[in-house]
Amino acid sequence: MFDRIRSIVRDILGIPDLRRRILITFALLVVYRIGFHIYLPYVDINRLEARLQQEKGGLIEWIGYASALTAGNFRNATLFSLGIMPYITASIIFSMLVKVIPRLEALSKEGEHGRRAINRYTRYATVLVAIIQGIFVVYFLRTVFGTPQETVAIIDRQSPTWNFFTGFVQLLCLVLGALFLMWLGEKISDHGVGNGASVLIMAGIISRMPFAFYYLRQQIESAAPDERAQRIAQAGGILLLFVAVVAAVVFITRGQRRIPIQQARTVRGRRVYGGTRHYMPLRVNSAGVMPIIFAQAIVVLPPKILGSLTGLEWLGRYLNPGNFWYYVFYVGLIIFFSYFWNSLMFNPVEIANNIKEHGSFIPGIRPGRHTAQYLERIMNRITLAGAVFVAIIALVPEIVRGNMAVSYVVASLLGGTSMLIIVSVALDVVDRVESQLLVRQYDGFVRGSSA
């Protein structure tokens, strides 16, 4: 096994272009991590960290977890606090607009010119989204930590009162940091390995793993002698569950339904053309992490809204995290957004027409309308299976945190968006590296040596 790993590493490093791409990717990731040690101006870091320790848990803990999924960190008030979320948000918006606005859909089909135009619009939208999110971050830093007098001591230690210039400078730094990360992601995509935005998000999540393992170790060391065995068993159970979740996510991410496509056979003279069969793969979890992202953005709103309405506080308590109806609502949102996202991205009528125009057909299914109905029926079935799996993975952190009494940072690594992102991005990077190896007639990661 170790000889096989050494052989693969030697093959990778032996390809100059691939070696250069890997080194560029790591160098840009180092630049990305350096940005988290550059704090915003007019911030008293010591007072800020002390206040965060006092406010640990609840909204602060959820915000810290959510920001980690965007390659950012709201808690530490750094240059990259917004992460790459403005660019991701703008990309998601235009991905949906392309499907519902005919002009943008026509532009997306114009090849390289259309792709560049949509990327330009996405960058403009990124600036707007970064400004809006930056305003919320500046407001959050001012108001969430206590009284205005305490907030001034935390946010601005130079002037006696918080002023417009202070907020403008902080907002400008946040927006510039988000735009720099957008540029960094594009450079990784162009000159590195993998999709730049996804690689940055994965790096942000992985950077929190050492803290999670340190937390487990600290729990064991700080436990009483008669409780230490229980803590060790709990940590072992968490690690085993982590391995099981990773294996399940890899299995379902790779899972696909292969639809056979038969090419029509034509005879010209003594020669027969066509007649070959290939397969159209339909991924079981084709929506990826998008359903969880949408569901997490909405599931926290009803308890806050209902809790602020007189007479409806009792209804808001039913939807608080940990309650049965909260889980039901959360799972329902994930399933709904799975179908919603696939309905936007998967057009069975267009696919059926393309199959027909290329002189192909699905064996046993008539071309045209019947093919579209068949593809839609198959897609609805596998979407339900993928949505149920995603819902189970999303509930793992909630169940572990509630039953094992561990930190949300530790529980979040066992499932949910973070695990899906890490596995999907890692598999994408492995596929790209392996394609480079196979093109140059190396064995790759999967295929063994014939020797």
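Ser-360 is buried, with a relative accessible area of 11%, where buried means under 20%, exposed over 50% and partly exposed in between (1.4 Å probe, protein chains only). The model is a predicted one, in which local features need pLDDT of at least 70 and side-chain atom pairs count only at pLDDT 80 or more, while totals for chains, interfaces and linings use all residues. Residues are numbered from 1 along each chain as its sequence is written, and side-chain values use heavy atoms, with hydrogens and water left out.

Ser-360 lies in strand 5 (residues 360-361); strands (E, at least two residues) and helices (H or I, at least four) are DSSP runs numbered from the N terminus. Apart from neighbours within four places in sequence, Ser-360 is in contact with Ile-261, Gln-262, Gln-263, Ala-264 and Ile-355, contact being heavy atoms within 4.5 Å.

## Helices 12 and 18

The axes of helix 12 (residues 225-254) and helix 18 (residues 369-404) come within 11 Å and cross at roughly 175 degrees, which makes helix 12 roughly antiparallel to helix 18 (angles over 145 degrees count as such). These axes are lines fitted to C-alpha atoms over the stretch in contact, with angles running from 0 to 180 degrees between N-to-C directions. Residues making the contact include Gln-234, Ile-238 and Leu-241 of helix 12, and Phe-389 and Ile-393 of helix 18.

Phe-324 is found in helix 16 and is exposed, with a relative accessible area of 56%.

How values were computed
Angles under 35 degrees count as roughly parallel, over 145 as roughly antiparallel, 65 to 115 as roughly perpendicular and the rest as oblique.
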